[in-house]
Amino acid sequence: MANIQELLEAGVHFGHLTRKWNPSMAPYIYTERNGVHIIDLYKTSAKIDDASVALEKIAASGRKILFVATKKQAKDIVAEKAGAVNMPFITERWPGGMLTNFVTIRKAVKKMSQIDRMKTDGSFDALSKREKLQIDRQRTKLEKNLGSISDMTRLPGALFVIDVKKEHIAVAEAKKLNIPVFAMVDTNSDPSNIDFVIPSNDDASKSIDKILSLTTGAIAQGLSERKAGKEASAKEKAAPVAKEEVAEKKAEEAK
């Protein structure tokens, strides 16, 4: 299980003011202290383990996990942690229809590639100064909003959300398409639409960092398993060929 002491030191247990609570989070609340709800870290630890097992399987299957966190204190952490395991992430504004209208989003991503090709094949140089400026601005805007999902050629296998209240549109789109949702859920949020609830403080950077370190660690493990499986498969395919070559060589020597 995730280390309770480490979760405690990261402040994962601090919920919101009791007057701002969502009653649906009652099963995950341990107590109330100075008007603030305290999350039950034993339940958090168990939920991290459940989520980690599922994330590992998804990563091992070769599917992508899309991380979503547009709140200021989570942006850089998500970009770092998701980027380290080569997973796509959204840290700017959630583009409406990102999942439900994925074809259009892919067209916007392809537009970035087209602009890049223009710059390498020389056609960009033939444009006027004004046209170059417009295209550069368009490329910068696309990169800011969609650059981190440029390698996501199909719908993700799962969504990982920081703050389900703030990212409710992303959650709604995922649910519409039956994409499983993993999320850090604070005491002021509704966990009912979340498949893998991780009850935790979604406001403090230390808490976000700790939860993401544990979950992306599971993703890294899944990716390692996938790589090892591919290598083993390649060796199995190569083995019969190697045996045939040895047999042929022996036959030639016998002659």
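User: Which residues line the largest pocket?

Analyst: This is a predicted model. In it, the largest pocket is lined by Ile4, Leu8, His13, Tyr30, Arg33, Ile38, Ile39, Asp40, Leu41 and Tyr42.

User: How do the lining residues divide into nonpolar, polar and charged?

Analyst: Sort each residue by its side chain. Here seven are nonpolar, one is polar and two are charged. Tyr counts as nonpolar in this scheme, so Tyr30 and Tyr42 go with the nonpolar group.

User: What is the volume of the largest pocket?

Analyst: It comes to about 160 Å³.

User: On to charges. How do I read a salt bridge, and how many are there?

Analyst: Look for a side-chain nitrogen of Lys or Arg within 4 Å of a carboxyl oxygen of Asp or Glu. By this rule there are ten salt bridges. Take Asp163 and Lys71: their closest N and O atoms are 2.9 Å apart.

User: Where in the chain do Asp163 and Lys71 lie?

Analyst: In distant parts, 92 residues apart. Asp163 is in the loop between β6 (158-162) and α6 (168-176). Lys71 is in the loop between β4 (65-68) and α3 (72-84).

User: Are Asp163 and Lys71 buried or exposed?

Analyst: Both Asp163 and Lys71 are buried.

User: Which salt bridge do Asp202 and Lys71 form, and where does Asp202 lie?

Analyst: Their side chains meet at 3.6 Å, N to O. Asp202 sits in the loop between β8 (196-199) and α7 (205-254). That puts Asp202 131 residues from Lys71. Asp202 is buried, as is Lys71.

User: What about Arg139 and Asp116?

Analyst: They form a salt bridge as well, at 2.9 Å from N to O. Arg139 lies in helix α5 (residues 129-146) and Asp116 in helix α4 (residues 102-121), so the pair ties together parts 23 residues apart in sequence.

User: Why does Arg139 count as buried, and why does Asp116 count as partly exposed?

Analyst: Check relative accessibility against the cut-offs. Buried means under 20%, exposed over 50%, and partly exposed in between. Arg139 has 17%, so Arg139 counts as buried. Asp116 has 33%, so Asp116 counts as partly exposed.

Terms used. Residues numbered from 1 in each chain as written. Predicted model: local features only at pLDDT ≥ 70, side-chain atom pairs only at ≥ 80, totals over all residues. Heavy atoms only, no water. 1 Å grid on protein atoms, 1.4 Å probe; cavity = no way out; pocket = protein on both sides within 12 Å on 5 of 7 lines; lining within 4 Å. Points joined across faces, edges and corners; volume = space filled by probe spheres on them. Helix = DSSP H or I, 4+ residues; strand = E, 2+ residues; numbered from the N terminus. Buried < 20%, exposed > 50% of the residue type's maximum accessible area, 1.4 Å probe, protein only.
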